[in-house]
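Hi,

Here is the structure I promised to pass on. Have a look through it first, and then read on for what turned up.

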Amino acid sequence: MHALFVHGMGRSPLSGQPLLLQLRRAGLLTGTFGYSVALEAFPEIRDRLVARISALAEKGSYAVVGHSLGGVLLRAALNSLPSAVRQPRHLFLLGSPVQPSRIAQWLGANPVYRGLAGDCGQLLGSTARMEEIGPTTVPTTAIVGRRGLPWPARVFAGEANDGVVSVAEASAEWIEDQVVVDCVHTLLPASRRVGEIILERLAQGAERGH
C-alpha cells in the first residue's frame, strides 16, 4: 500500500519525513508532493496534485495525508479526480482547516503575508472559497493538536488550538472521526502518536475490507 504526504504552507516535503519513516517501517510505500505558495496559485497546485494522485492510483491501494494547507489541497484534488480514478482508502487531515482560518483572515491584509502566502493564503481566509472545496466522500480522519501557543486572545478566544488552527476550524459534520492530540501545529507530522493513529485506522479499514 502507498501513502502520499502533502506538506503545509511554508514547509517542504522534508517536514513529513519522521511520519513517513514510521509508515515505511510498518510496511507502507511512501511518497511526497511539493509546492510553493509564493510561486503557484491554488488551482495550479491542485491540478498538479490531481495528476500525481491519478498516477498513484494506477499502482493500487493508497492513502493520502495532508498537513494544514496540504489537507485543503488534498480535499480539492480528490473532489476534482476523474470518475474513473481509484479513490484513496483513507484521507488523513493533520491540523488542516475545513472552516475559514481565523489567522489567515487576521493576516489577510498584511502585505508581507500576502506576498509570502499568495493565493493560497487568501483562500484559507475566504469563507466562499473554503466552502467551495466541500467535503470528501472517502473515509476521513482529522487529527488536531491542542497545545496552543500564546497568540493574541482575539484570534482563538480561548478555544482549544494547536497555535495555528483551532479544533473548531478543523471540525465539520462530515468528519466523523476526529482525534485530538497534545501537539503543536508544526510538529504534527513529526508526532509518533499521529503515525500510530494513521496505522490504526488503516488496519481497521483493512479488517472491514475498505
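To start with a cysteine: is Cys183 buried or exposed? Cys183 is buried, because its relative accessible area is 9%, under the 20% cut-off. Cys120 is buried too, with a relative accessible area of 0%. As for disulfides, searching the whole structure turns up 0 of them. Keep in mind throughout that this is a predicted model.

Now the strands. β1 covers residues 2-6 and β2 covers residues 29-33; they run parallel and are joined by 5 bridges. Val6, for instance, has Phe33 as its bridge partner in β2. To get from β1 to β2 the chain passes through helix α1 (residues 17-25), and that β-α-β crossover is right-handed. β1 also pairs with β3: the two run parallel, again with 5 bridges. There, His2 has Tyr62 of β3 as its bridge partner.

How many residues of β1 are buried? The count is 5 of 5, so to speak a mostly covered strand by the 20% cut-off. In a regular strand, side chains alternate between the two faces of the sheet. In β1, His2, Leu4 and Val6 sit on one side, Ala3 and Phe5 on the other, and both faces are covered.

Next, the nonpolar packing. The largest nonpolar core has 42 residues, and those touching the most other members are Tyr35, Phe42, Leu49, Ile53, Leu69 and Val72. Elements giving two or more residues to this core include β1, α2, β3, α3, α5 and β5. Apart from this core there is another one of 19 residues, with Ala3, Phe92, Leu94 and Val179 among them. In general, nonpolar side chains of soluble globular proteins tend to be buried together.

Leaving out residues up to four places away in sequence, Leu49 touches Leu4, Val6, Phe33, Leu73, Leu74 and Ala77.

Leu49 is also one of the buried residues of α2, along with Phe42, Ile45, Val50, Ile53, Ser54, Leu56 and Ala57. What covers the buried residues of α2? The cover includes β1, β2, β3, α3, α5 and α6. The length of α2 checks out as well: with 16 residues at 1.5 Å a residue, the helix should span 22 Å, and its end C-alpha atoms are 22 Å apart, so the two values agree.

Cheers

Terms used. Residues are numbered from 1 along each chain as its sequence is written. This is a predicted model: local features need pLDDT of at least 70, side-chain atom pairs count only at pLDDT 80 or more; totals for chains, interfaces and linings use all residues. Side-chain values use heavy atoms; hydrogens and water are left out. Two strands pair if DSSP finds at least two bridges between them. Helices (H or I, at least four residues) and strands (E, at least two) are DSSP runs, numbered from the N terminus. A crossover is right-handed if, with the strands pointing away from the viewer, the path from the first strand over the helix to the second runs clockwise. A nonpolar core is a set of buried Ala, Val, Leu, Ile, Met, Phe, Trp, Tyr and Cys residues joined through side-chain atoms within 4.5 Å. Buried means under 20% relative accessible area, exposed over 50%, partly exposed in between (1.4 Å probe, protein chains only). Contact means heavy atoms within 4.5 Å. The expected span of a helix is 1.5 Å times one less than its number of residues. A disulfide is a pair of cysteine sulfur atoms within 2.5 Å.
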